[in-house]
Amino acid sequence: MSHASRTAPRICPLCEATCGLTLTIEGTTVTGARGDRDDIFSRGFICPKGASFGGLDADPDRLRVPLVRGEDGELREASWDEAFDRIAARIPALAEAHGPQAVGVVLGNPNVHTMAGSLYPPLLLAALRTRNVFTASTLDQMPKHVSSGLLFGDANAIPVPDLDRTDHLLLIGANPLESNGSLCTAPDFPGRLRALRRRGSTLTVIDPRRTRTARLADRHVAIRPGADALLLAAMAHVLLEEKLTDPGALAEHLEGADELAVALADFTPDAVAAACDVDAATITALARELAAAPTAAVYGRIGSCTVEHGTLASWLVDVLNILTGNLDRPGGALFPLSATARAPRAAAPGKGFALGRWTSRVSGHPEAKGELPTAALAEEIETPGEGRIRALIVLAANPVLSAPDGDRLDAALAGHLDFMVSVDPYLNETSRHADVVLPPPPPSQSAHFDFAFNSFAVHNQVRYTRAPIPLEDGRMDESEIHARLILAVSGMHGAPPSAVDDLAIATAITKAGAPEELADELTGRSGPERRLDLMLRLGPYGLTLERLLAHPHGIDLGPLKPRVPEILRTRSGRIELFPAPIAADLPRLRRALDDRPAPLVLVGRRHLRSNNSWMHNVGSLSGGSNVCTLQVHPDDAARLGLVDGATVRIESAGGGIEAPAEITDTVRSGVVSLPHGWGHSRPGTRMAVAAAHPGANVNQLLDGTLLDPLSGTAVLNAIPVTVTPSP
């Protein structure tokens, strides 16, 4: 039976770019996806991930009903009521018997790609009262949150480069032509960089690999991996030493500038050159070019975060923007203002940002932003004693592949937990251990609003799309899954899911000091829509859900504007340029001046046709450039006796893995590169396409002991390795 074809708008949920899509739908099947030319932000741009929307949506391996572990130890299909009954019987009992810290929560990055994943986890954590919280942030971006918290008093106040107006863009450890951007929401990042070049602006890329982004640059500096903070410190030193600093309007809001100059005195270009493998003249030129540009922005990402000095590197990115007067000005790096942000307040001192308010039980890792290092999850499960994690709730996360030493975590999940819940559409390397698996529906059956990514957007705008396809019989909306999970663990099992949203709305109205009657004015078909309506009404633009629905391709809220001092939440009410935790960690960076690297170090890489581990089951995205190979420079290959395409053995502190060699001069000598998110070879999963092309889990090379001390972020780059031909 044929169905008439129709089209519907949908914001893409598959990476941080948040591009608008136009879906072609026949009946209840997405048969095509193209860029939405009327989208006010993406203007028709689409990448291979967005074009594959229909394939991912209809993946036959997606779970459609809950799974519950039977007495025989096997997972079987179950009703939704049975699944939540099981959770309600186990989680509260374990928390009552062993305390709230007996329950741990793991949040994966797909949570920020859905409405439910953004709205409900904070309510779940409040209900559980656990401090054992682990997220993907300590595997990629936590250094940026920590540095922003220390500088500005708000860990979520992260400036983004003003791509469309800057005269000089310096990227370090970032490859947006492959990643589509990270902590910088910019649809068509490639097009924006090409437009930057066409208008005569300068693009500088600092990266040990000659990436697609680096090939577009005016200057590519092939830094030695892990030396990012040293190079940035030397650039800041040049600005201070040569009196090239000009904070401009920021000057009256700064403190700590004199202390900073003293602290960076040792980091001269000559002093750092050997450790960076970048000559002093180039370092000096980078600093002078930055200072001379009419406007400029420095932007650092995962390559500069997931290293031993990740927080210092993230801090120094903003130090350079501040010293050159480019923070908080058009053409520099600015703070976005999303439609659901709190309305701006008068400038005044705030509560500030604190680190280490509590520590992990086993190794004493300090918390950062309320989270503990994901690298410590296994030891918190397997180590006996009071406070051991006995139950685990995993929301859209696959830490067996994404965290260091997946074998150890795999064993901990299998042998040391009393109960585990996963909210996940797949039976993957982590969810296969769960006692209950709750599968959300495919994206076509879900509404979409970007709560997180609009806060990092390079242009202020707001867009919302309702589900283009009705919820399939037998499925449950993701928001209802989360709401019922909260009720099940909090002793309110059986209450209507709307009770969770009603409580959230009442609490938000009280905190905002708004009249209680506002709750009656909210519109929307669901609890999440009513909550969105409230946030829009209380937000800085005074919008409503009805107005947003009247603009299916979005509302343009204008270019980014200066927001200092209103965004500052430090105790001083000023930008604290040289905060105490940074000062305490700087001697560790100073000692690195004398370090000499291992002969061969490993770095990761991103693929345009992938997103960590959760998109490897889409057939249309497999193959091509999306392969798990070890990239090796020809000189290193000749020295080590490696042959292109042949299997090689890679070994490091955490263990060894094997992968095919790809000999290429796009990676500098002394460096090898293996992508993140692979290793789909474990039994008990239901991901046929991924299992057919399993690849190697790069994180199995890590034992999890090496962390950036300020943020707790796992060191995933600049790892010493040995590479030999496989026997």
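1. Let's start with strand 9, residues 168-172, in this predicted model. Five of its five residues are buried, so the strand is largely enclosed by the rest of the structure. Buried here means under 20% relative accessible area.

2. Which way do the side chains go? His-168, Leu-170 and Ile-172 point one way from strand 9, while Leu-169 and Leu-171 point the other way.

3. Now for the neighbours. Strand 10 (residues 202-206) runs parallel to strand 9, and five bridges join the two. If you want a spot to look at, Leu-171 sits opposite Val-205 of strand 10.

4. Strand 9 also pairs with strand 13 (residues 297-300), again in the parallel sense, over four bridges. Here Leu-170 has Val-298 of strand 13 as its bridge partner.

5. Zooming out, the protein has 26 helices and 29 strands. Its radius of gyration is 25 Å, close to the 27 Å that the globule rule gives for 727 residues, so it is as compact as a globular protein of that length. The C-alpha trace spans about 65 × 65 × 60 Å along its principal axes.

6. As for the inside, 60% of the 727 residues count as buried. Take the contacts between residues at least 6 apart in sequence: 74% of them join residues at least 24 apart.

How values were computed. Residues numbered from 1 in each chain as written. Predicted model: local features only at pLDDT ≥ 70, side-chain atom pairs only at ≥ 80, totals over all residues. Heavy atoms only, no water. Buried < 20%, exposed > 50% of the residue type's maximum accessible area, 1.4 Å probe, protein only. Pairing = 2+ DSSP bridges. Rg over C-alpha atoms; globule rule 2.2 N^0.38 Å. Contact = heavy atoms within 4.5 Å.
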